[in-house]
Amino acid sequence: FIGTSLPSHWNLQSGLRSGSGKTTTSPAENYYLARRRTLQVVVSSLLTECGFESAEKAAVESLTEMIQSYISEVGRSAKSYCEHTARSTPTLSDVVVTLIEMGFNVDTLPTYAKRSQRMVITAPPVTNSPVVPKALAAGQKRVHPPYIPSHLPDFPDPHTYIKTPTFREPVSDYQVLREKAASQRRDVERALTRFMAKTGETQSLFKDDITAFPLIAARPSSIPYLNALLPSELELQTLEETDSSEQDDQTDNENAPTGADKENSVLPPGGVVPAVKPSEETVIDNPYLRPVKKPKVRRKK
Amino acid sequence: MNRKKDKGFESPRPYKLTHQVVCINNINFQRKSVIGYVELTIFPTVVNLNRIKLSSKQCRIYRVRVNDLEAPFIYNDPTLEVCHHESKQRNLNYFSSAYTAAVGAVDPDAGNGELCIKVPSELWKQGDEMKVLKVYIEFSLDQPKGGLHFVVPDIEGNMAERGAHVFSFGYQNSTRFWFPCVDSYSELCTWKLEFTVDASMVAVSCGDLVETVYTHDMRKKTFHYVLPIPTAAPNISLAVGPFEILVDPYMHEVTHFCLPQLLPLLKHTMSYLHEIFEFYEEILTCRYPYSCFKTVFVDEAYVQVSSYASMSIFSTNLLHSAMIIDQTPVTRRCLAQALSQQFFGCFISRMSWSDEWVLKGISGYIYGLYLKKTFGVNEYRHWIKEELDKIVEYELKTGGVLLHPAFCGGKEKDNPTPHLHFSIKHPHTLSWEYYKMFQCKAHLVMRLIENRISMEFMLQVFNKLLSLASTASSQKYQSHMWSQMLLSTSGFLKSISNVSGKDIGPLIKQWVDQSGVVKFFGSFAFNRKRNVLELEIRQDYTSSGTQKYVGPIKVTVQELDGSFNHTLQIEENSLKHDIPCHSKSRRNKKKKIPLMNGEEVDMDLSAMERQGNRSRRKTSTGVFELGADSPLLWIRIDPDMSILRKVEFEQADFMWQYQLRYERDVVAQEEAISALEKFPTPASRLALTDILEQEQCFYKVRMQACFCLAKIANSMMSTWTGPPAMKSLFTRMFCCKSCPNIVKTNNFINFQSYFLQKTMPVAMALLRDMQNLCPKEVLNFILDLIKYNDNRKNKFSDNYYRAELIDALTNSLTPAINISNEVRTVDNLNSDVRLILEEITRFLNMEKLLPSYRNTITVSCLRAIRMLQKNGHIPSDPSLFKSYAQYGHFVDVRVAALEAVVDYTRVDRSSEELQWLLDMVQNDPSHYVRHKILSMLGKNPPFTKASESSLCNEALVDQLWKLMNSGTSHDWRLRCDAVNFYYTLFGLTRPSCLPLPELGLVLNLKEKKAVLNPTIKPEAGGIGGVGALDLCANGGIHTPISGFPSSLEEEHLPMEPPPNGVAPAPHGLKRKAETPLGSPPEPVQFTAQEEEDIDMDTVHDSQAFIYHHLNMLERPSTPGKEPPLVEQTLLSMPATPLPAFIKEPSASKHGEHHHRHHHHDHKKKKKKHKHKHKHKHKHESKDKDKDKDRERERDRDRDAHAFTSSPASGRSLRSPSLSD
């Protein structure tokens, strides 16, 4: 029984694995069912051996389940021991240790195997181990580079990491595209300004029809220079975008995206100084940076 | 001559200032007030120093102490009100001379001042010459109108959060506006400056910040500055505000300050300042003279750049981010200018006003060198040409700019600039435009000197001046070395002759001592037989603003065999010059033609041959023979611009075309372009188009070519073939290859093509078709540019580009076809205009949501709307512009809106708008805007002296008169602007809209009754004119007695003050008339009139003293009843009689008359004087009738004088003989 059960156990385990991995693929299911059937035969024969003449199907099922669990556990545990000792293939000793660990008296096993009344069951029909379905054949499976020991797991299937961009046929007509962008922007702007004009105060260029060409009323601000000098958010955004795209091309050694530093880096003397700058910054002695002194007590007047 | 040889500096004061402490204890932003004190350490240089005159304006002075002894003082400022009382004079000649006299009377350069302190007798009796005096003055300023400018935004939060700040400003020496000092560039001393400000603020001032100390309550801190380098008071400045501080990463002794939130911009803007420093230090081989440098960026700045000792104040609008292209060179230029003035202007100061040109010249010259180095030789030469054109145009228009006026010995009669309506004797009487041109000419003359003695020597001279000055600056006062830091014309010239060994006397005489430019006309003929070029150069030296030139002139002739320079001598009578040609006429077609720069080029000479076949050409100047035999390609007169000149040269069109294509000098190219405007031929078109396409060509030349091409295209309208000019070119350069009607997405990385891309649509929009309309094709093209404009991928902002596209739309506008003057409505809007208006509306509205840098787009939109109005497409209405002109919009927007209102005022002759503008001139918080309004009104006046207008009425005359007379006393520049505007409107003589004064006088004579001309307001008439009469009478007295012009008297006055306090001279009388009236009285003003009430020998309780005098000021003064002469106890104000009157030849004739008058007055004064204070307001009405006759009589008298003294007197119909 052991002789037959051990390989079957391995097969079973891998079957289970694949079964659990892919629940509905029919070849794997068949394979699984075939194993189960063999186990049922084993259970039945053991029952016969013990003197049962018949058994309820449910009872057989339960027993089958139990034996399957037991064998699975032996397999899983043995594999763990094996891997624990940095091997990939379990040996007999692994199984023995497992059995011991599970409270099984190993010494009784040879006698039990050599018992007289044991029944010999035929080996289960050789079913082709389920073909691992050819996962998307995307690209070549990569082999280990030389510095990775061969015992380490293979690379996963290429499809798991190779990106396969999908795209629609782009609107390649540049003219149409520009046209679209321009009119889109114009529409947005017009709608926005119309809305602002409708909801706020307006000025008009015509006396007869004040709704034609409405102008948003000019409103003085308290600090007019701020709006006029600081770049608008939109412009800042554009600047960042163009900046980042440029820095992709270059190898950026500095983490200073401000325009000032960039411009300096173009200039020959400017390129040198900023490198020194951080270290010097700590020793800058500028009177405006010095701390304010506490008043002296003796000040008169 | 005042150009004394090797004389050191002679101070006009009887003492020498060595050190001054300025301490400002409190700055109140809420009330806009300042409290502080100054302490001046002075060394008397005469034995009995009993009077100290200091400069001080608008300060309220609480107490003065000299060496801890209370000292009496008098505060009198004749410039507050130039002509006294409601004078009906209204004559600009009269005003100008009175103003000059008033400024001269307090001119610190002449040792005068508004504040006269009597040294307590205990001190001067000691008579020890080298005894140090310490003059301590407590003062305050309340809502200063000049000198200090408070910017306090009206929002929530404390002052620091609101970004409130204050800074000093002024035109020339204006420091007296904010603290008492010796406000002269030639009085140097060391400084200790202390400013106590709110703990959240920073006070930036001149010199080294020694320490910052908290006050005891820890809410304020005191900034202690020390300036050990002797510095003149006008170079002291202050800026206080919640500034963000940036220490320059390259130079740690340089600190930059900007208003909150602008730090990123400041960082970028300042990132290249160190290069400018390096440049100047290198060429001058001299370190920056001060131990630190500070730049402060403030809002509502008076001028863009102002330099003071070790600091500069800039307009905050110069700051920009890295995305902005157009502002970058402008800002860099401003920084370079500021820095050059640090060396020459701040560190080295001028000796007198007439030496100003040297400092402006040197700083402008080294700034030019910086331009050459940074922006290239092309840019530099372009700039020189631009400046030269500007000065030539200005001088020809106004009649000359004199760099070094020689005010010698009081011969005021020889007014060096009779063509001007203002005096150039003082910086404060100059028109602003003149001053700008003055600076421009100064640096051009420096360049001429460089041409003469070489740049190397030039820099050696500067280095010498600087090293002398820096040696002197480290000396103690006692070593008398400080005057080495003052630069004079003679000192400069001596230095030049020492260093270079060359005599530049003739050059100086021509350009510095003399005004005017040279105007050349050139033409030529080629004599085939002699192989000689016959060049004729004529000059116009008779029209105004010109002068005769005698001396060498360089002529460059480009021949087939190369370029040859010839130096011709311009002499009295020789007009023709024969220049031998080098080339043999037979051309070798294969041969390359060498250019001036050594380059050899292939030229297509077919144009020349064609010309040859046309054989002889007749021109207005005679026959010149050109053609196949002539080896001449082009000729240039004075190519190096080594004469301040205008050249009008005649040569054939193909020669201009060759010059444009092949001459490498940008100046030559630009000259060729302007000449080609007169030759609208296909060949010109081709030459211009080729230049446009040539990328090696300087971009400004290409830009200019765009406009020329547009003009040529319009002239060639009927024969023009192909698409509109520049369209295909633009398409090729900037549009997509696949779809030529769509512009590429913006990429402005190449600045040259960026500028071209900006300019071409603007020029194209100037094209016109047969109906004189902008071609539909062009308009659509521009609209498409706007539509497809896409800036998303651009690292630069496109705001200037979009603004120029709007300008292009503006340029495309043509006058609407106006059917029967109907009102413009939406319905009858032209469809093209509708499209344009649509764009403008959208742009203007978008700007509210996403404002562009400096609101360039709003500015362009406002201009476009005004153009639409002007062309009759939309109803003309100023209300939109008025709303944009309000305080609170960005200054560029305001100015653009105001320009539109000014234009509206002229076109629609609206008195309401004119009034609105003038109100703004008086009340706007921003000094720059006030100045701008007046200068725009001056450039685009609602009417002129030559034209009739309903706007021209008496009320306007009165208003403007008041404005320049007393309304602008706090701002020299504004006052001069007002004078300019008055001149533009009314000219020099009495405005024609005023009633003829003689009419009223004749009536008086006959009837001897109070029948007034009904147009003269009775109350005004009651007081009017007496002040002027006093002046007159005074002058009249003076002339026969002394026979000296007044300035002489002024000169010897300082030595004259009598120890016993008795007035020796009658000229003090005039002073008394100068009680300001009608203008809000300044807080403390002591005029001579009140002197009888001041016991000079006792110490006053300051407060009581002030209030007493304030009260006195409030009563109306009655000039006819002045206290008698005897009261001139403290006669320190020199007389300022009007030169025009004094030198009036007819004055002697009237002398007796005046005498009589004077005595008449005199008696009355004595009589009235007694009850003067009691009557106060009342007596006027009582005595009115009695006075009227007298007044009228005087009126007549005065007018008679005015007219005889005016230049127009000879022609005047209102001859004074009527009154006699």
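This is a predicted model: local features need pLDDT of at least 70, side-chain atom pairs count only at pLDDT 80 or more; totals for chains, interfaces and linings use all residues.
Two strands are said to pair if DSSP finds at least two bridges between them.

Strand S7 of chain B, residues 115-118, has a partner in strand S6 of chain B (residues 73-75), and the two run antiparallel over 3 bridges. Here B:Tyr75 stands opposite B:Leu115 of S7(B). Strand S3 of chain B (residues 51-54) also pairs with S7(B), again in the antiparallel sense, this time over 4 bridges. In that pairing, B:Arg51 sits opposite B:Lys118 of S7(B). In a regular strand the side chains alternate between the two faces of the sheet.

Attention now turns to helix H9 of chain B, which covers residues 489-500. The expected figure uses 1.5 Å times one less than the number of residues. Buried residues of H9(B) include B:Phe492, B:Leu493, B:Ile496 and B:Val499; B:Thr489, B:Ser490, B:Ser495 and B:Ser500 are buried as well. An α-helix has 3.6 residues a turn, so residues three or four places apart point the same way. Among the elements of chain B that cover these buried residues are helices H6 (356-398), H7 (432-453), H8 (455-473) and H10 (505-511), together with strand S22 (486-487). After H9(B) comes B:Gly501, with a positive phi near 70 degrees.

Two packed helices are described by the angle between their axes and the distance between the axes. For helix H23 (residues 891-908) and helix H24 (residues 911-923) of chain B, the angle is about 140 degrees and the axes lie 9 Å apart. Their crossing is left-handed. On the H23(B) side, the contact is made by B:Arg894, B:Leu898, B:Val901, B:Val902, B:Tyr904 and B:Thr905. H24(B) contributes B:Glu913, B:Leu914, B:Trp916, B:Leu917 and B:Met920.

Chain A contains 11 helices and 2 strands. Read from the N terminus, its elements follow the order α-α-α-α-α-α-α-β-β-α-α-α-α. Of its 301 residues, 26% count as buried. The accessible surface of chain A is about 21,600 Å², and carbon and sulfur atoms account for 59% of it.

Methods. Residues are numbered from 1 along each chain as its sequence is written. Chains are lettered from A and ligands numbered from 1 in the order in which they are written. Side-chain values use heavy atoms; hydrogens and water are left out. Buried means under 20% relative accessible area, exposed over 50%, partly exposed in between (1.4 Å probe, protein chains only). Contact means heavy atoms within 4.5 Å. Accessible areas come from the Shrake-Rupley method with a 1.4 Å probe; for residues, only the protein chains shown count as cover. Axes are lines fitted to C-alpha atoms, for helices over the stretch in contact, and angles run from 0 to 180 degrees between N-to-C directions. A crossing is left-handed if the near helix is turned anticlockwise from the far one by less than a right angle, and right-handed if clockwise.
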